[in-house]
Amino acid sequence: MDLKLRGKCAVVTGASRGIGRAIALRLADEGAGVAICARGEPALREVEAELRERGGPVYAAPCDVSDPAALDAHLDAARAELGRVDILVNNPSGFGFGDDEATWASNLAVDLMAAVRASWKVTPWMAAAGGGAIVHISSIAALEALGFPPAYSASKAALVSHSKSLAVALGPQKIRVNAVTPGSIEFPGGIWDQMRQGNPDFYGAVLGTIPLGRMGTPEEVADVVAFLVSERASWVTGACIVVDGAQHKGNL
């Protein structure tokens, strides 16, 4: 299926590894120009090299998305380098697993407010160009009390709510907004890879909750995101798409 993304330009935040990296590469494979950022530069440069192998426009720069001024500057630079922004994927997470002031501040700044600010920034550009697509990467922790830390769960739930509100507000401007809520996704160096090696009993217990019998891959999430930001999903907005092998058991 041709997703008709050739010539489109996308910004993917938090794209140095895992889901963000897979999304950036998938969009580039579809012919989109891609701008990426992350806090860690070495891994970011590796993804940049992979993107350049695809042959399309690429912009990559380190950025701490929790810093409003840094995020604003990155988005301006991405637009200047690519020429436009048609797609925004808000992916990074603070991954704070405590329940204290610092953890809440980190999760809200990285997971929620970075997405809010990035959306504020790019929506006027999209509206002026006749439309666009935004995807927030949330988590099944937003949908059900599964034992995830409260700060992480609350920030991810807020992303789902924010995506629905934006979809309603921005629909008249032809800007579609959706949330994707992955389940347990495993990749080298990621949390579940670390758990498999360091806490196999816990890893096995979580694996046992997934009816498909395995962890998901970043590429499986990326395929869903690529569809959502494409014109093939032109009537999909305000949706929360679960990508989890039926790990989440709630009806909603």
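Student: How many positive and negative side chains does the protein chain have?
Tutor: The protein chain of this predicted model carries 22 positive and 27 negative side chains.

Student: Staying with the surface, what is the accessible area of the chain, and what part of it belongs to carbon and sulfur atoms?
Tutor: The accessible surface is about 11,100 Å². Carbon and sulfur atoms account for 56% of that area.

Student: Now the fold. Which secondary structure elements are there, and how many?
Tutor: There are eight helices and seven strands in the protein chain. The radius of gyration is 17 Å, close to the 18 Å that the globule rule gives for 252 residues, so the chain is as compact as a globular protein of that length.

Student: What does the C-alpha trace span along its principal axes?
Tutor: The span is about 50 × 40 × 40 Å.

Student: What percentage of the residues is buried?
Tutor: Of the 252 residues in the protein chain, 51% are buried.

Student: What about contacts between residues 24 or more positions apart?
Tutor: Such pairs make up 70% of the contacts with a separation of 6 or more.

Student: Let us go inside. Which residues have the most contacts within the largest nonpolar core?
Tutor: They are Val12, Ile23, Leu27, Ile36, Leu51 and Val225, in a core of 36 residues. At least two residues of this core come from each of strand 1 (9-13), helix 1 (18-29), strand 2 (33-38), helix 2 (41-54), strand 3 (58-62), strand 4 (87-90), strand 5 (132-137) and helix 8 (218-228).

Student: Which element gives the most?
Tutor: Helix 1 does, with seven residues. As a general point, nonpolar side chains in soluble globular proteins tend to be buried together.

Student: What does Val225 touch, leaving aside its neighbours within four places in sequence?
Tutor: Val225 is in contact with Ile23, Val89, Val135, Ile137 and Val180.

Student: What is in the second core?
Tutor: That core is separate and has 26 residues, among them Cys9, Met126, Leu166 and Ile175.

Student: Turning to Gly20, where is it found, and is it buried or exposed?
Tutor: Gly20 is part of helix 1. Its relative accessible area is 0%, so Gly20 counts as buried. Not counting residues up to four places away in sequence, Gly20 touches Val12, Gly14, Ala15 and Asn91.

Student: How far is Gly20 from Asn90 in space?
Tutor: Their C-alpha atoms are 8.7 Å apart, although 70 residues separate Gly20 and Asn90 in sequence.

Student: Asn91 came up as a partner of Gly20. Where does Asn91 lie?
Tutor: Asn91 sits in the loop between strand 4 and helix 4 (101-129). With a relative accessible area of 10%, under the 20% cut-off, Asn91 is buried. Beyond the residues up to four places away, Asn91 touches Thr13, Gly14, Ile19, Gly20 and Ile137.

Student: And how are Asn91 and Asp111 separated?
Tutor: They are 20 residues apart along the chain, and 7.8 Å separates their C-alpha atoms.

Student: Another loop residue, then: what about Ser16?
Tutor: Ser16 is located in the loop between strand 1 and helix 1. Ser16 is buried at a relative accessible area of 16%. Apart from neighbours within four places in sequence, Ser16 is in contact with Arg21, Ala38, Gly40, Ala43, Leu44 and Val47.

Student: And where is Phe187?
Tutor: Phe187 belongs to the loop between strand 6 (175-182) and helix 6 (191-198). At 18% relative accessibility, Phe187 is also classed as buried. Not counting residues up to four places away, Phe187 touches Arg17, Gly18, Asp193 and Pro218.

Student: Last topic, backbone angles. What is the phi of Lys4?
Tutor: Lys4 has a positive phi of about 60° although it is not a glycine. Most residues other than glycine have a negative phi. Lys4 lies in the segment before strand 1 and is partly exposed, at 48% relative accessibility.

Student: And what is the phi of Ala246?
Tutor: Ala246 has a positive phi of about 70°. Ala246 lies in the segment after strand 7 (240-243) and is partly exposed, at 39% relative accessibility.

Key
Residues are numbered from 1 along each chain as its sequence is written. This is a predicted model: local features need pLDDT of at least 70, side-chain atom pairs count only at pLDDT 80 or more; totals for chains, interfaces and linings use all residues. Side-chain values use heavy atoms; hydrogens and water are left out. Helices (H or I, at least four residues) and strands (E, at least two) are DSSP runs, numbered from the N terminus. The radius of gyration is taken over C-alpha atoms; the globule rule is 2.2 Å times the number of residues to the power 0.38. Buried means under 20% relative accessible area, exposed over 50%, partly exposed in between (1.4 Å probe, protein chains only). Contact means heavy atoms within 4.5 Å. Accessible areas come from the Shrake-Rupley method with a 1.4 Å probe; for residues, only the protein chains shown count as cover. Lys and Arg count as positive and Asp and Glu as negative; His and the chain ends are not counted. The place of a charge is taken as NZ of Lys, CZ of Arg, CG of Asp or CD of Glu. A nonpolar core is a set of buried Ala, Val, Leu, Ile, Met, Phe, Trp, Tyr and Cys residues joined through side-chain atoms within 4.5 Å.
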